[in-house]
Amino acid sequence: MGEEVVLSTGAGTARPAARAAAGAPAQTVAEVPLVVDLDGTLIRTDSLLESLFVLAKEHPLLLFRLPFWLGQGRAKLKQRVAAVSMPDAKTLPYHDGLLRHLESEKGRGRRLVLATGADERLARGVAVHLGLFDAVLASDGSVNLSGEAKRQALVSAFGERGFDYAGGGRRDLPVWRSARQAILVDPSAALAAAAREKVAVERTLGERRAAVGTWLRQLRWHHWLKNVLVFVPLLTGHRLADPQALAQAFLAFVGMCLAASSIYLLDDLVDLPRDRSNPHKRQRPIASGEIPATSAVVVLALLGLGTVAVALALPVGYRLVLAAYAALMLAYVLRVHDVRVVDALLLGCGYTLRILAGSAAVGVAVSAWLLICSTLLFFSLALLKRFAELSLADVPVDATARSHGYEGSDAPMVAALGRAAGAMAVLVLALYPLADSALQPARWLIWGSCALMLYWMQRLWRLAGAGRIADDPVMFALRDRRSLVAGAIVVAFLAAAA
């Protein structure tokens with residue numbers, strides 16, 4: 001950086017020059033230090049919250065220690081968590097507008113100070129990475145430098161009205177009370193009004209709020225189409241014309257959508273470090289900072305409550321299946337996400353549980369043949385997704401590619417196992433009418449569906465090997481004209497057979 005980064009957390013450790021400035025005559029703007037908050041200001045996230053989610057994934061047993069750490073004070077909690085899991089300063093979602101302003105002020109020779117309630121380890125990492133700050137004040141395990149404690153430290157260091165302060169949360173109001181001027185970063189209308197009552201506002205940066213479309217993208221609303229599997233029992237049980245059964249199935253569909261979105265949200269929260277290192281996933285709303293982690297946690301809680309409310313309105317069997325789905329997906333997110341092959345098997349079972357959820361909701365039994373076929377088919381598609389992720393942009397898979405627990409050298413194994421699982425799914429479906437005499441007259445329709453499924457799957461594997469499938473193969477198929485045509489014919493054949 002070319003400048004010393006001084007770590008301090010209280011009034012007694014301020015530089016003598018800073019103390020002298022408190023009693024000095026009126027200063028020019030360049031002489032007044034600009035103090036900047038970190039969480040929700042310099043970065044579009046909450047560093048402690050992110051650290052806790054990383055802790056939950058990498059060291060889940062340490063979660064039981066959190067109450068004991070918190071009992072020693074918030075500063076100690078932050079220190080303990082930072083010692084185990086901490087976001088990488090290089091990948092944090094910085095506020096571009098504020099960064100440009102800080103670079104401009106630094107060019108004018110102005111002194112910049114990072115003052116944050118985050119632990120000093122993280123604050124030091126941010127300061128070193130950016131190379132802009134002359135001094136750093138942060139929590140050190142004994143002092144939680146937030147709110148009134150931060151105000152007292154800054155007044156002791158620079159004097160009353162001896163500094164400007166950039167912040168973006170209600171915890172910054174006490175600090176603005178003693179600041180000369182304020183910079184508001186992404187403030188709400190209420191916060192902006194409260195700040196103007198305490199201090200002169202120099203400028204406001206951002207005021208960006210996540211739109212409805214951003215939230216829908218984060219909740220993967222387009223993936224809700226996968227939950228139409230809950231209607232399969234209505235089709236096989238000839239209950240599509242039953243209004244009550246349709247209503248029950250629709251409610252089950254809503255419950256599965258809420259549950260799936262909550263899992264997607266949790267997955268993005270615990271996977272933030274890796275997502276920010278990925279050129280594509282770093283654009284996701286939480287990873288990019290469009291949606292603050294704190295807001296994501298609130299929505300996660302609301303989705304959980306909505307899921308429970310829907311489950312209570314449906315039969316006990318549906319609740320049990322939903323609980324099994326939630327447990328399976330939690331295991332996937334927290335532990336199995338990086339276990340090769342097992343992760344794909346869990347995803348395949350997750351799709352089958354959607355069918356079972358519909359069966360339990362409407363009281364229609366489904367054939368074991370159908371469940372086995374579903375599990376094998378979606379196991380194959382999950383492996384295809386991993387294979388596609390290993391493939392770099394528009395080029396075939398090479399040895400340097402990585403995806404979750406997979407490496408480029410695993411690509412042949414993934415492809416062989418995935419193709420075999422897909423073929424077995426088609427074989428199970430082909431044998432189904434031979435085992436069920438009621439389906440004998442419609443066997444040619446089912447076998448025609450099998451032929452189309454084989455064509456569709458080999459085409460997807462070929463496109464994935466060429467690097468042309470960039471995301472979930474199911475979502476790719478919903479945008480691919482040939483897949484849609486083949487799928488429509490398969491559904492028509494199976495509906496006629498049923």
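User: What share of the residues in the protein is buried?

Analyst: This is a predicted model. A residue counts as buried when its relative accessible area is under 20%. Of the 498 residues in the protein, the share that is buried is 50%.

User: How many helices and strands does the protein have, and what does the C-alpha trace span?

Analyst: The secondary structure consists of 22 helices and nine strands. Along the principal axes, the C-alpha trace of the protein spans about 100 × 50 × 40 Å.

User: What part of the contacts with a separation of 6 or more comes from residues 24 or more positions apart?

Analyst: Contact here means heavy atoms within 4.5 Å. Among contacts in the protein with a separation of 6 or more, the part from residues 24 or more positions apart is 67%.

User: Is Arg220 buried or exposed?

Analyst: Arg220 is in the loop between helix H10 (212-218) and helix H11 (232-236). The limit for buried is under 20% relative accessible area. Because its relative accessibility is 11%, Arg220 counts as buried.

User: Which side chain makes a polar contact with the side chain of Arg220?

Analyst: Leaving aside neighbours within four places in sequence, Arg220 is in contact with Tyr264, Asp268 and Arg284. A polar contact needs a pair of N or O atoms within 3.5 Å. At 2.9 Å, the side chain that makes a polar contact with that of Arg220 belongs to Asp268.

How values were computed
Residues are numbered from 1 along each chain as its sequence is written. This is a predicted model: local features need pLDDT of at least 70, side-chain atom pairs count only at pLDDT 80 or more; totals for chains, interfaces and linings use all residues. Side-chain values use heavy atoms; hydrogens and water are left out. Helices (H or I, at least four residues) and strands (E, at least two) are DSSP runs, numbered from the N terminus. Buried means under 20% relative accessible area, exposed over 50%, partly exposed in between (1.4 Å probe, protein chains only). A polar contact is a pair of N or O atoms within 3.5 Å; within protein, one must be able to donate a hydrogen and the other to accept it, and residues adjacent in sequence count only if both atoms are side-chain atoms.
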